[in-house]
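Here's a quick tour of the model, one region at a time. Have the sequence and the 3D view open as you read.

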Amino acid sequence: MSKKINVAVVGLSFGLEFVPIYLDHPDVESVVICDTNEKLLDVAKQRYNFTDEQCYTNIDDILENDKIDTVNIFTPPATHAPLSIKVLESGKNCGCTIPMGMSIDELKGVIAAKKKSGKKYMFLETSVFSREYFYVKELIDRGDFGRIQYMSCAHYQDMEGWPEYWEGFPPLMHPTHAIAPCIMLTGKLPSKVYAKGSGRIRSNLAKKYNSPFSFETALVSLEDSDISIELERFLYGVARSYDECFRVYGEKRSFEWQQLRDENPVLYTKTGKLKASQTYDFGDKSNKKKRNSEIIEKRIEIPDYADRLPKSIEKYTQKTVYNNKNTHLSFTQGGGHGGSHPHMIHEFVRSIIEDREPIINDVKGAYLTGVGICGHKSAMEGGREIALPDFRDYAKNC
């Protein structure tokens, strides 16, 4: 497939961040936008010279436009699966931000719609396009970590004052910024999860989703792997600044995310054997023990990886593209979510142009989202271990 694509961006509260990336992408012919909030449409008109004909307030009008072949969903969470299904059933490619759906049935609904349509679906998870992910993946692919022994991840975020649909949102129902890098780095799929809730949020928040916990923590098992992944998530009632982070512990090297935003990550390296003079003394001079190795700790500068992108969108790994007053860390850390936004959009575009599955397609998106849905269910049931559905088998047989 060599033709360019025609894109619609639906939901501008977050989606406007991606509009200029699409406008500057060399494989995109045209861009239209859609939102029920006409003030956001006016912002886009002023900043990017959209005409009235390029602005929509109803997604149905976009789906009836034969010229548009690709739709991106950046709307509130509860709409993601219904709108994704609607887009796919209209015969258009679909990219959807997280979460993929709010229930296992919704995830299966998206998989079935994607299969029936024959179109592309990409789960738009930013964390597997961040510069930190690229860096660690390079080291793992080279064998620098040796055998991976354990992984942990977290998404810490205080969502007080966010739109009302986030009020009391169950922590593990929005897991993928944390869990996706770990799962993708292992190359395995999650098989089982058990989780516990901790603490309490205010009663007026808890009643919306019937979820009382301030914190939810899960342990995730992987298919055909002895690695466990620890996952932490909170949205309310915790004095901790925003962070999306992961840690990887291996035989030869380990990677730990920085604690503060103005620090760099730490890489731990186990060296070879030490000199004979470097020993442990346990108090008995006749019983000195030689250490076989030592650990070197080093803060590291993460490369930007903009050179992986077309020249016209390289700049978007480093700049906030539409709202200079937005001080949320996902924007201020560069290009949104660790420089990931242009890489993610480029992967989606190229998957359509090259007629291939994107890095995170419908089945992988279902596993990444499903591990949180099952994790929250486990927490609500006091920590019962829950097996994930076999989404691959469902995709084959639906």
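## Asparagine 6 and its surroundings

Let's start with asparagine 6. Leaving aside neighbours within four places in sequence, asparagine 6 is in contact with Glu29, Ser30, Lys67, Ile68, Asp69 and Thr70, where contact means heavy atoms within 4.5 Å. Asparagine 6 sits in strand β1, residues 5-10; helices (H or I, at least four residues) and strands (E, at least two) are DSSP runs, numbered from the N terminus. With 10% relative accessibility, asparagine 6 counts as buried. The cut-offs are under 20% relative accessible area for buried, over 50% for exposed, and partly exposed in between, using a 1.4 Å probe and protein chains only.

The side chains of asparagine 6 and serine 30 are joined by a polar contact of 2.6 Å. That term means a pair of N or O atoms within 3.5 Å; within protein, one must be able to donate a hydrogen and the other to accept it, and residues adjacent in sequence count only if both atoms are side-chain atoms.

## About the model

This is a predicted model, with residues numbered from 1 along each chain as its sequence is written. Local features need pLDDT of at least 70 and side-chain atom pairs count only at pLDDT 80 or more, while totals for chains, interfaces and linings use all residues; side-chain values use heavy atoms, leaving out hydrogens and water.

## The sheet and its β3 edge

Six strands make up an open sheet with parallel pairing, in the order β3-β2-β1-β4-β5-β6. The edges are β3 (55-56) and β6 (121-124), each pairing on one side only. Two strands pair if DSSP finds at least two bridges between them, and β2 (residues 28-34) pairs with β3 over two bridges, in the parallel sense. Isoleucine 33 stands opposite cysteine 55 in β3.

Also in β3 is tyrosine 56, which counts as buried at 14% relative accessibility. What does the side chain of tyrosine 56 make a polar contact with? The partner is the side chain of asparagine 65, at 3.1 Å. Tyrosine 56 and cysteine 34 are 22 residues apart in sequence, yet 4.4 Å apart in space, C-alpha to C-alpha.

Aspartate 27 lies in the loop between α2 (19-24) and β2. At 17% relative accessibility, aspartate 27 counts as buried. Not counting residues up to four places away in sequence, aspartate 27 touches Lys4, Ile5, Val349, Arg350 and Ile353.

## A covered helix

How many residues of helix α8 are buried? In α8 (residues 176-186), 11 of 11 are, among them His177, Pro181, Cys182 and Met184. After α8 comes glycine 187, with a positive phi near 75 degrees.

## Cysteines

A disulfide here is a pair of cysteine sulfur atoms within 2.5 Å, and the count comes to zero. The sulfur of cysteine 94 has its closest cysteine sulfur in cysteine 96, but at 5.7 Å that is too far for a bond. Cysteine 94 is buried, at 0% relative accessibility, whereas cysteine 398 is partly exposed at 36%.

Most residues other than glycine have a negative phi, and most peptide bonds are trans. Isoleucine 98 and proline 99 are joined by a cis peptide bond, with omega about -10 degrees. Proline 99 is in the loop between β5 (93-97) and α6 (104-117).

Asparagine 210 has a positive phi near 55 degrees, and is exposed at 57% relative accessible area. Aspartate 224, in the loop between β9 and β10 (228-234), has a positive phi near 50 degrees. Aspartate 224 is exposed too, at 72% relative accessibility.
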